[in-house]
Amino acid sequence: MEENRAITLLTLQQEIGNAVRYCRAAQGVWVTAEFSDLRVAGGHCYMELVEKDATGNTVAKMRAMIWSNTLHAIRAKFYAATGRDIATGIKVMVRGSANHHPIYGLSFTISDIDPSYTVGDMERLRREILNKLNAEGILERNRSLKAPAVPQRIAVISAAGAAGYGDFINQLNSNPEGFKFYPFLFGAVMQGDRTSASVRNALMQVESTIDLWDCVVIIRGGGATTDLNGFDEYELAKAVALFPLPVIVGIGHERDRTVLDEIACVRCKTPTAVAAYLIDSLRTAYNAAVDRVQKIVRYSSDALKGEKYRLANIETALPARVQTRILRSEKKLGDLGHAIERALSRRAVAESEKLRMLRYRYERACLSITERPMLKLKNLENMVRLLSPENTLKRGYSITLVNGKAVKSIEDIKTGDAIETRLPDGTLRSEITGVESITPE
């Protein structure tokens, strides 16, 4: 009885297919998803549509395809708007219909694409990265560095053998002025999921030999390469923003723009544009040097002419100037001689007055020295005069002489001696008849 109710697997699949095919909500609808495992085979494009949550976990997945009759139109439309081909990892908004195959199961056939959704998502990602760098205070760090005036020693980060790198080197080496450049390649993967890590590793190698380089160049050509998502990555953007040397970028085509274009010191549209920028920098420096040399020559010539003219004027004016200088010197010497004479005259008068005063003081001193002895002698003279025998006799005294000597004591005479007594008006002669001593009481 249960077997009679059973249906075949094919019938079940057909019923599911009919349910999907006739479900209006699953036909001709716009769906947002991310391309995964995209590949082109046999003219058709196959991929998986996936949706991830905020943590990156896959919450929905479905097989999808773009048949060859619409693939070219869809790719052209997407490339015209975004500058890149459809590829794995791109978030898209696509239109299509769900269908169910008895063997291959549920799938989604894409018939159209809205590139503006992808452009908006790419721009949102770039804006988030730039806002984060700005919040960390490093957004302008590399861009604020001064670009080298003479960039000759160049650390190049690119893929070895890539067309863009080859074009860059050829343009540097074939510059019409013959300027010398010294580029060195630090090889890196320039597309796909390994881009960020590979370029960051190259930057670390450059930094380990930083004294050898004037600047860093990060270049990636266009052409067949389509995946620039690796350059819109936070860790790579941070490494470029913090790099101590000026970074010059030329990534993709002219209309391609990545986060690195917003933070690098110099942004050029293509690798060949980077080469042109470097050549122009040397040309500017060379022209400035030539201009300075010409100015030096011109200024030196003008200065030499001016000095010759000045020397000629000096040579013409020198005799008159010498004569004037001599006359001034003679007048100065004359004035100096007169000044010396006046000074000597004043000094002589002063010294003469000084000598006169000294003489006066000397005379006063001599008089002072001689007047006292003379006064003393005068006093002695007066005393002698007063005490002279004549004056003594005039006062009533007399002098007794024995043998011409004055008698000072009774012992100087004896009885029978002849004596003379002198008075003021004459002399008495007598003989001693007796001598009598007076006994003191």
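**Chat about hairpins, a helix and a sheet**

Colleague: Which residue stands opposite Lys52 in strand 3?

Modeller: Thr58 does. This is a predicted model, where local features need pLDDT of at least 70, side-chain atom pairs count only at pLDDT 80 or more, and totals for chains, interfaces and linings use all residues. Residues are numbered from 1 along each chain as its sequence is written, and side-chain values use heavy atoms, without hydrogens and water.

Colleague: How many bridges join strand 2 to strand 3?

Modeller: Eight, and the two run antiparallel. Strands (E, at least two residues) and helices (H or I, at least four) are DSSP runs, numbered from the N terminus, and two strands pair if DSSP finds at least two bridges between them.

Colleague: What's in the turn of that hairpin?

Modeller: Five residues lie between the strands, and Gly56 in the turn has a positive phi of about 95°.

Colleague: And strand 1 with strand 2, parallel or antiparallel?

Modeller: Antiparallel, over six bridges. Ala41 sits opposite His44, and Gly42 takes a positive phi near 65° in that hairpin, which has two residues between the strands.

Colleague: Switching to helix 6, which residues are buried?

Modeller: Thr195, Ser196, Ser198, Val199, Ala202, Leu203 and Val206. Buried means under 20% relative accessible area (1.4 Å probe, protein chains only).

Colleague: What do they pack against?

Modeller: Strand 6, strand 7, strand 8 and helix 7, with contact meaning heavy atoms within 4.5 Å.

Colleague: Last one: what's the strand order in the open sheet of four strands?

Modeller: 12-11-13-14, with antiparallel pairing. Strand 12 and strand 14 are the edges, each pairing on one side only.

Terms used. Buried < 20%, exposed > 50% of the residue type's maximum accessible area, 1.4 Å probe, protein only.
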